[in-house]
Amino acid sequence: MSDPETTPATVSDQETTLLPPSQMEAPPQPNTSPNPSTTKASSISFSIWPPTQRTRDAVINRLIETLSTPSVLSKRYGTLSSDEASAAACQIEDEAFAAAGASTDEDGVEILQAYSKEISKRMLDTVKARAPPSTAVDNGGVSDITAEDGVASAVSDS
């Protein structure tokens, strides 16, 4: 009923047939001819430092937002007006950029970390300097300077 020549033979999982090397598919060979798209892509370099002007502007905008809107920082030190925040943000970013750029011994990542730390430090210094005197003193509640008299008064828990 069935013709053995036309019936496909089933191969069990245990039976494997190895093809001779001449019948095996050859692995892909690397392309030795110059391809403009790969040549162009390999000539692009990536540099983390210095940041682009677009990145610096984004940092300034974020600083303005942080300094002029309610946040954890503003709860402690108060907010700045938009004009004050804008001027302070530009100054903070410029000073941090100059300070980080002065360290030429480091690689791009280390310089970027220094830039970030300088921005954070200068932002805190700015808000602390503009904060009301009663919030500028942070010494564990031992003493407090009031805006009314400008003198330190001892604060006791007893």
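This is a predicted model: local features need pLDDT of at least 70, side-chain atom pairs count only at pLDDT 80 or more; totals for chains, interfaces and linings use all residues.
**Entry 1. Overall layout**

I began with the inventory of secondary structure. The protein has six helices and two strands. I read the order along the sequence as α-α-α-α-α-α-β-β. I then looked up burial and found that, of the 158 residues in the protein, 17% are buried. For contacts with a separation of 6 or more, I noted that 55% join residues 24 or more positions apart.

**Entry 2. Helix α5 by itself**

I picked α5, which runs over residues 108-130 and has 23 residues. From its first C-alpha to its last I found a reach of 33 Å, close to the 33 Å expected at 1.5 Å a residue.

Which residues of α5 are buried? I listed Ile111, Tyr115, Ile119, Arg122, Met123, Thr126 and Val127. An α-helix has 3.6 residues a turn, so residues three or four places apart point the same way. I kept that in mind while reading the list.

**Entry 3. α4 against α5**

Two packed helices are described by the angle between their axes and the distance between the axes. For α4 and α5 I noted an angle of about 145 degrees and axes 8 Å apart. The crossing in which α4 passes α5 is right-handed.

I went through the residues that meet here. The α4 side has Glu84, Ala88, Ile92, Glu93, Glu95, Ala96, Phe97, Ala99 and Ala100. The α5 side has Ile111, Ala114, Tyr115, Glu118, Ile119, Arg122, Met123, Thr126 and Arg130. Sorted by class, the contact of α4 with α5 comes to eleven nonpolar, one polar and six charged residues.

**Entry 4. α2 against α5**

I turned to α2 next. The axes of α2 and α5 cross at roughly 30 degrees and come within 12 Å. Angles under 35 degrees count as roughly parallel, and α2 and α5 are therefore roughly parallel to each other. I noted a right-handed crossing for α2 passing α5.

From α2, the residues Arg56, Val59, Leu63, Thr66 and Leu67 meet Tyr115, Ile119, Met123 and Val127 of α5. I put the classes of the contact of α2 with α5 at seven nonpolar, one polar and one charged.

**Entry 5. Two residues of α4**

I looked up Glu93, which lies in helix α4. Is Glu93 buried or exposed? Glu93 counts as buried because its relative accessibility is 1%, and buried means under 20%. I set aside its neighbours within four places in sequence and found Glu93 in contact with Arg56, Val59, Ile60, Leu63 and Tyr115. Tyr115 is also one of the buried residues of α5.

I then looked up Ala98, also found in helix α4. Ala98 counts as partly exposed because its relative accessibility is 48%. I checked Ala98 with Glu118 and found them 20 residues apart in sequence, with 9.8 Å between their C-alpha atoms.

Most residues other than glycine have a negative phi, and most peptide bonds are trans. I noted that the peptide bond from Trp49 to Pro50 is cis, with omega near 0 degrees. Where is Pro50 placed? I found Pro50 in the loop between α1 (36-42) and α2.

Methods. Residues are numbered from 1 along each chain as its sequence is written. Side-chain values use heavy atoms; hydrogens and water are left out. Helices (H or I, at least four residues) and strands (E, at least two) are DSSP runs, numbered from the N terminus. The expected span of a helix is 1.5 Å times one less than its number of residues. Buried means under 20% relative accessible area, exposed over 50%, partly exposed in between (1.4 Å probe, protein chains only). Axes are lines fitted to C-alpha atoms, for helices over the stretch in contact, and angles run from 0 to 180 degrees between N-to-C directions. A crossing is left-handed if the near helix is turned anticlockwise from the far one by less than a right angle, and right-handed if clockwise. Contact means heavy atoms within 4.5 Å. Ala, Val, Leu, Ile, Met, Phe, Trp, Tyr, Cys and Pro count as nonpolar, Asp, Glu, Lys and Arg as charged, and the others, Gly among them, as polar. Angles under 35 degrees count as roughly parallel, over 145 as roughly antiparallel, 65 to 115 as roughly perpendicular and the rest as oblique.
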